[in-house]
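Here are a few exercises to work through with the model open beside you. Try each task before you read its solution.

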Amino acid sequence: MSSLNGWHKGERAIQEKVGFRQDVSQSWTQIEGEMPEQHRTFHSTRLPFIPVTTLDSMGRPWSSILAGPDGEIGWVSSETYDQLSMRAEVWDGDPFKANVDYHAGTASESQRMLIAGIGVEFSTRRRNKFAGSIKAIEKQGGLIDICTTVNEAIGNCPKYITIRDLIPFPQTKPRVTYQEINTLPTGRLPLDLITFILSSDTVFLGSSYSASEEDAPRFPSHLGMNHRGGRPGFVRVCNDGRTLVLPDYSGNRLMTSLGNIEATALASLTFPSFTNGSLLYITGIAHNLVGAPAQAIMPSQKALTTIEITGYIFVEDALPVRQREGTEPQRSLYAPPVKLLKEEQSSSTYFVTEDAIYATLSRIQLHSSDIATFTFESPHKLDIIPGQAAILNFTSFLGASPYRHMAAENPNSVNDDRIRTWTVSWCSSWASAAAGVGTTFSLTMRLKPGGAVTGALFSIANKLSADRPELLEDSRQLGLSVTLVGIGGDFVLKPTDPHEGPKIAVTREEEHISVRKNAPKKLLWIAGGIGITPFLAMLSDIPSYFAEYEITLLLSTRDPDVMLSLLSNAIETAAHEVKLVVHVFSHTEQFESSLPASVSLHRHSGRITSLFTSDFKAECVYICGPEIFEREVIRGVVGKVRREGFAY
């Protein structure tokens, strides 16, 4: 039975902002007033550590890590359904110590120290939350005995939790390397801590609800603790070095954490490293942003939370568990691609939602059963640099994606905002004598199995090919228009600076060779499959100053005939000729070449390897392909590297 009396004002406000207030109006009853038996067993038998939230002397939340001695399980017990006891190890630097000392001198029986926690079993993705107050606390040598009274308990879904094989690591030697309890208004995080955040895929989010005197009888003050996860770098850091941006992914829609923040604009974040045991504790001023204000900070993100740091602590070698050597984290399939802040995309242009720009499907070219080029027309003049991408919203085409809490058969659909990004493979503005006020651009793409957007586009293409082939050449009669969100990306050709020097796997002798004034300027392009599209664009509008360059393209593909045909078309439309050498890697042994005689073609069986790429020396190396492909080929690369990967 729930101990709550409904949603408090902050929870109601954020539920209203995101648009599902009515859908969850009675869902507060899911939060129980005591721990179910399975929660008691879970906390006491499955967890080596528990993240908890407590308040400091200024009422700010901090997210701490309470752990069993030596990282072992069995340090938690539950005598009754509303009691959780912990004999915890707390190291120097963890905010829990200072917060306990402060409350020891101020708390009373009627005003206990508040606490909230979450148990996460990383091997199974199970997690359960609790909240309440500390009934008693006592120091026992190097450990602290904590007896909590639990009045809120709820289980959470496994989404966004990265599976890890964690084992005890008793030989920790915690050391505080940064401690700024009260940062200056203009203070910044050190660069190494920013790097630490951008490499993290897990954060523990603490929040607080401070009730007014009027609301307290019905909605008493309480704390919250939650888990947030995603792909590494899903939490972004603004250029000011002190504001963090936490995107809100589709969840259970209860919005308890964001509801607390909505009412009490404070939050804490703790980032753990499961490889070296470091912990970054942060507290700050928090604000939820929904709709246009959110998208002004992080384009295409419907809701997010900003946290302006007011204090931080960094402790190395503290967490008494580590990722088992030889194992790899198993990322959640629900985690969407990382979204960058608008200020991180200086070369991108996003169009304001009030003045929507539409693009209409005008032509379709089917190259194979799963590769096609879709051409769109826009009445607006668009500035697209070869290598950049079109960002399109297909909501008007497919309809909004319905809410789904879980979708085991297609996890990506849970956060599907219908926005897709494809590299522009050809644009009318690149023609030497482009006329008219509008812009026509082409997107060459591969059908993604189970993909909502590519599935619909290829379905239309195949149906037209079978029944109305004339509409492939002029598809405007279909009236299929989508919203052009923006033009983005910095994977573009730039003149190389010979004095900048190669950055990867290069010796001093090789550096001297690369900067010889009379040496020919060399570029290396490496494409995995449909990753050839930015290079098609670059060839179509190659600048005149690249005529002196030697360009080598390494292409790994299972469709060599299709890819070489696309490459040949791009070369034919190029305004300037360049010296191009193409190496094709494919398991298809027999394929035709439609390339002009000026292009040197070399055929290879199998895949591109790092051993092969190490033979090429270039001023700049461009790589585009799936993540696993990029990881393999980049290991042997010599030279300055520019990368463009695939997300979904």
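**Exercise 1.** Find the loop that holds R253, then work out whether R253 is buried or exposed.

*Solution.* Start with the place: R253 sits in the loop that links β13 (243-247) to α5. Keep in mind that this is a predicted model. Next, look at the backbone: phi of R253 is positive, about 70°, even though R253 is not a glycine. That's worth a second look, since most residues other than glycine have a negative phi. Last comes accessibility: buried means under 20% relative accessible area, and R253 has 18% relative accessibility, so R253 counts as buried.

**Exercise 2.** Pick out the buried residues of helix α1 (residues 9-18) and say how they are arranged around the axis.

*Solution.* First, list them: G10, E11, I14 and Q15 are the buried residues of α1. Then check their directions: they span an arc of only 130° around the axis, so they end up on the same side of α1. Now see what lies over them: the cover includes α5 (256-263) and β15 (279-290). One more stop, just past the end of α1: G19 has a positive phi of about 95°.

**Exercise 3.** Describe how α1 and α5 are placed relative to each other.

*Solution.* Two packed helices are described by the angle between their axes and the distance between the axes. Here the axes of α1 and α5 come within 7 Å and cross at roughly 110°. Angles from 65 to 115 degrees count as roughly perpendicular, and α1 and α5 are therefore roughly perpendicular to each other. Sorted by class, their contact has 4 nonpolar, 4 polar and 3 charged residues. On the α1 side you'll find G10, E11, A13, I14 and K17, which meet T256, L258, G259, N260, E262 and A263 in α5.

**Exercise 4.** Zoom out: how does the radius of gyration of the chain fit with a compact globule?

*Solution.* Count the elements first: the chain has 14 helices and 30 strands. For 648 residues, a compact globule would have a radius of gyration near 26 Å; the chain has 28 Å, which agrees. As for burial, 54% of the 648 residues count as buried.

Notes:
Residues are numbered from 1 along each chain as its sequence is written. This is a predicted model: local features need pLDDT of at least 70, side-chain atom pairs count only at pLDDT 80 or more; totals for chains, interfaces and linings use all residues. Side-chain values use heavy atoms; hydrogens and water are left out. Buried means under 20% relative accessible area, exposed over 50%, partly exposed in between (1.4 Å probe, protein chains only). Helices (H or I, at least four residues) and strands (E, at least two) are DSSP runs, numbered from the N terminus. The arc is that of the directions from the helix axis to the C-beta atoms. Contact means heavy atoms within 4.5 Å. Axes are lines fitted to C-alpha atoms, for helices over the stretch in contact, and angles run from 0 to 180 degrees between N-to-C directions. Angles under 35 degrees count as roughly parallel, over 145 as roughly antiparallel, 65 to 115 as roughly perpendicular and the rest as oblique. Ala, Val, Leu, Ile, Met, Phe, Trp, Tyr, Cys and Pro count as nonpolar, Asp, Glu, Lys and Arg as charged, and the others, Gly among them, as polar. The radius of gyration is taken over C-alpha atoms; the globule rule is 2.2 Å times the number of residues to the power 0.38.
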